[in-house]
Amino acid sequence: MRQHLTDPLRFFAAFVAHPRQMGAVLPTSRAAVRDMLDLADVPGADLVVELGAGTGSQTGEILARLRPGARLVAVEIDPKLSALLAKRYAADDRLQVVTDSAENVDAYLDGQRADVLVSAIPFTSLDGKLRQRILDALPGLLTPQGVMVLIQYSPLMMGELRRRFRSVRWRITPWNVPPAFLFACSQDDAA
Ligand SMILES: C[S@@+](CC[C@H](N)C(=O)[O-])C[C@H]1O[C@@H](n2cnc3c(N)ncnc32)[C@H](O)[C@@H]1O
């Protein structure tokens, strides 16, 4: 995971500029990222899609787990943050950084479906209509056995997730400021 000392400052500056869009004042901790990614089979994936990549807390760890030849599409709406990621990982041709809103990600997948979807989108602080558009797009992005992992700071999204996925597992990771809720969602009960 290639995090830089200046990342928390960049993150905080983005929060000051767009507080509801960022939804947090600090990047996700390394321990919480590991707990989150342990809920899905990243090493076995052909395609991983990341939504709300920010300063790359998850991006670096996904790349560390991803096999050669697999693909990561990381979506970030803030052009300053997406430019940072594109520059940092320019040498890794498994990664495609997209500057767009998460609800449009399908347009960048060339018809492929994700084996793993990793979301740090701050659903509870977003405008309600945007939140619904992104949530409605999520199930269609996954393969039938695919798993979506999410990080949230409250259990509020549980009902929305249960309406869209057959299986929703969750746990709390204490190793984050603030402690976070991690969800793993799938249409496959065995996933
Ligand atoms: C809580 S931060 C998480 C950043 C990073 N993944 C982490 O865990 O530290 C949420 C990120 O989602 C991005 N975001 C918010 N709304 C978005 C949208 N509609 N589409 C794509 N990214 C979005 C924000 O710009 C921000 O970088």
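Buried here means under 20% relative accessible area, exposed means over 50%, and partly exposed lies in between (1.4 Å probe, protein chains only). At 23% relative accessibility, Asp115 therefore counts as partly exposed. The structure is a predicted model, in which local features need pLDDT of at least 70 and side-chain atom pairs count only at pLDDT 80 or more, while totals for chains, interfaces and linings use all residues. Residues are numbered from 1 along each chain as its sequence is written, and side-chain values use heavy atoms, with hydrogens and water left out.

Asp115 is part of strand S4; helices (H or I, at least four residues) and strands (E, at least two) are DSSP runs numbered from the N terminus. Contact means heavy atoms within 4.5 Å. Beyond its neighbours within four places in sequence, Asp115 is in contact with Ala45, Asp46, Leu47, Leu142, Thr143, Gly146 and Val147. Pro79 is 36 residues from Asp115 in sequence, and their C-alpha atoms are 26 Å apart in space.

The sheet comes next. Strands of a sheet pair through backbone hydrogen bonds, either parallel or antiparallel. Two strands are taken as paired if DSSP finds at least two bridges between them. Seven strands form an open sheet in the order S3-S2-S1-S4-S5-S7-S6, and the pairing is mixed. Strand S3 (95-99) and S6 stand at the edges with a single partner strand each, so one side of each has no neighbour in the sheet. On average, neighbouring strands of this sheet are turned by 15° against each other, direction ignored. Helix H5 (residues 79-88) lies across S2 and S3 and runs at about 165° to S3; axes are lines fitted to C-alpha atoms, for helices over the stretch in contact, and angles run from 0 to 180 degrees between N-to-C directions.

Strand S7 pairs with both S5 and S6. S5 and S7 are antiparallel over five bridges, and Val149 has Ala184 in S7 as its bridge partner. Seven bridges join S6 to S7, again antiparallel, with Trp170 opposite Phe183 in S7. A hairpin of six residues connects S6 to S7. Pro178 is in the loop between these two strands, and the peptide bond from Val177 to Pro178 is cis, with omega near -5°.

How many residues of S7 are buried? Seven of the seven are, so S7 is largely enclosed by the rest of the structure. In a regular strand the side chains alternate between the two faces of the sheet. In S7, Ala180, Leu182, Ala184 and Ser186 point one way, whereas Phe181, Phe183 and Cys185 point the other way.

A nonpolar core is a set of buried Ala, Val, Leu, Ile, Met, Phe, Trp, Tyr and Cys residues joined through side-chain atoms within 4.5 Å. The largest such core has 30 residues, of which Val49, Leu51, Leu138, Met148 and Leu161 touch the most other members. At least two residues of this core come from each of S1 (47-51), S2 (71-76), S4 (114-119), H6 (128-137), S5 (142-152), H7 (158-164) and S7 (180-186). Apart from this core lies another, of 26 residues, including Ala70, Leu72, Leu85 and Val147. Elsewhere, helix H3 (residues 30-37) has Ala32, Val33, Asp35, Met36 and Leu37 buried. Their cover includes helix H4 (57-65), S4, S5, strand S6 (167-173) and S7.

For "binding site", an unreviewed UniProt entry lists Gly52, Glu76 and Ala120. These residues span 69 residues in sequence, yet no two of their C-alpha atoms are more than 10.1 Å apart, so they gather at one spot. UniProt positions are given in the numbering used here, feature names are shortened, and annotations may be inferred rather than shown by experiment. Gly52 lies in the loop between S1 and H4, and Ala120 in the loop between S4 and H6. Not counting residues up to four places away in sequence, Gly52 touches Val75, Glu76, Ala120 and Ile121. With the neighbours within four places left aside, Ala120 is in contact with Leu51, Gly52, Gln58 and Ile151. Ala120 is partly exposed, with a relative accessible area of 23%.

One backbone feature remains. Most residues other than glycine have a negative phi, and most peptide bonds are trans. Asp110 has a positive phi of about 50° although it is not a glycine. Asp110 is placed in the loop between S3 and S4 and counts as exposed at 67% relative accessibility.
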